[in-house]
Amino acid sequence: PRSIYLSRHGESMYNVEGKIGGDAELSPRGMIYAQSLPGLIKKHIGDGPLEVWTSTLTRTIQTGSFLPKDFEQKRWKSLDELDAGVCDGMTYEEIEQKYPEDYDARDEDKFNYRYRGGESYRDVVVRLEPVIMELERQENILIIGHQAIIRCLYAYFMELPQEQLPYIKVPLHTLIRISPKAYGCEEERYHLPI
Ligand code: F6P
């Protein structure tokens, strides 16, 4: 039966520092997740090959780098993290200090708020359309993505409303299996406590 597998990249150095965006490498903990991912997949999904889609950013590519060589890998620019524009590389505290109005506006309407020179969740939903169309035609794809991206994909399959989408909890180091059924989707989560 058809399933879609979603995971965020392993913890990155920016995650450790509380900075958003960027193109950081994995942290030591993130590397352990990357190294553990083949075993996690083997245990819960089996031996059959998966096709792996990552973004073009270092942290998702590193997370997939220990997977078996017969897993085909595809890089999608459309899977890159929500572009935070002028706020890229900042912490939330720095944003609150430097751009207090933006910070509040985002809090007011997180789905529609567009970073200066960057994107909104609504923008990301639009740019993910071709990825979702391709995903609907395929079987057994593993997507290694970013927090905002996984939220959008998850909300699409689980049919969650826009207001909830930017707040969906997508923890690090967790493999999510989504299995479309006649009505709605079933979900399982496999978390690695590292
Ligand atoms: O902090 C990790 C991260 O992926 C950032 O790169 C990104 O801006 C953020 O999460 C998205 O989450 P939120 O929309 O809740 O700020």
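The questions and answers below concern the sheet, the core and the ligand surroundings.

Tutor: Please keep in mind throughout that this is a predicted model.

Student: In what order do the six strands of the open sheet lie?

Tutor: The sheet is open and its pairing is mixed. Neighbouring strands are turned against each other by 20° on average, direction ignored. Read across the sheet, the strand order is 3-2-4-1-5-6.

Student: How many bridges join strand 1 to strand 5, and how many pair strand 1 with strand 4?

Tutor: Strand 1 and strand 5 run antiparallel, and in this pairing Y5 stands opposite R177 while I4 stands opposite I178. Strand 1 and strand 4 pair in the parallel sense, with I143 as the bridge partner of L6. The numbers are four bridges to strand 5 and five bridges with strand 4.

Student: Is strand 1 largely enclosed or left open by the rest of the structure?

Tutor: In a regular strand, side chains alternate between the two faces of the sheet. Here I4, L6 and R8 point one way, Y5 and S7 point the other way, and all are buried. Because five of the five residues of strand 1 are buried, the strand is largely enclosed.

Student: Which element supplies the largest share of the largest nonpolar core?

Tutor: This core has 32 residues, and Y5, L6, I143, I149, C152 and L153 touch the most other members. Among the elements that each supply at least two of its residues are strand 1 (4–8), helix 2 (28–44), strand 4 (141–145) and helix 8 (147–158). The largest share, six residues, comes from helix 8.

Student: Which residues does C152 touch, leaving aside those up to four places away in sequence?

Tutor: C152 is one of the core residues that touch the most other members. With residues up to four places away in sequence not counted, its contacts are Y121, V124, V125, L128 and L165.

Student: How many residues of the shell around the ligand are nonpolar, polar and charged?

Tutor: The residues around the ligand are N15, I20, G21, E81, L82, A84, H146, Q147, A148 and P166. Divided by type, the shell holds five nonpolar, four polar and one charged.

Key. Residues are numbered from 1 along each chain as its sequence is written. This is a predicted model: local features need pLDDT of at least 70, side-chain atom pairs count only at pLDDT 80 or more; totals for chains, interfaces and linings use all residues. A nonpolar core is a set of buried Ala, Val, Leu, Ile, Met, Phe, Trp, Tyr and Cys residues joined through C-beta atoms within 7 Å. A residue is buried if 20 or more other C-beta atoms lie within 10 Å of its own, exposed if 12 or fewer, and partly exposed in between; C-beta atoms are placed from the backbone. Two residues are in contact if their C-beta atoms, placed from the backbone, lie within 7 Å. A residue is near a molecule or strand if its C-beta atom, placed from the backbone, lies within 6 Å of it. Ala, Val, Leu, Ile, Met, Phe, Trp, Tyr, Cys and Pro count as nonpolar, Asp, Glu, Lys and Arg as charged, and the others, Gly among them, as polar. Two strands pair if DSSP finds at least two bridges between them. Axes are lines fitted to C-alpha atoms, for helices over the stretch in contact, and angles run from 0 to 180 degrees between N-to-C directions.
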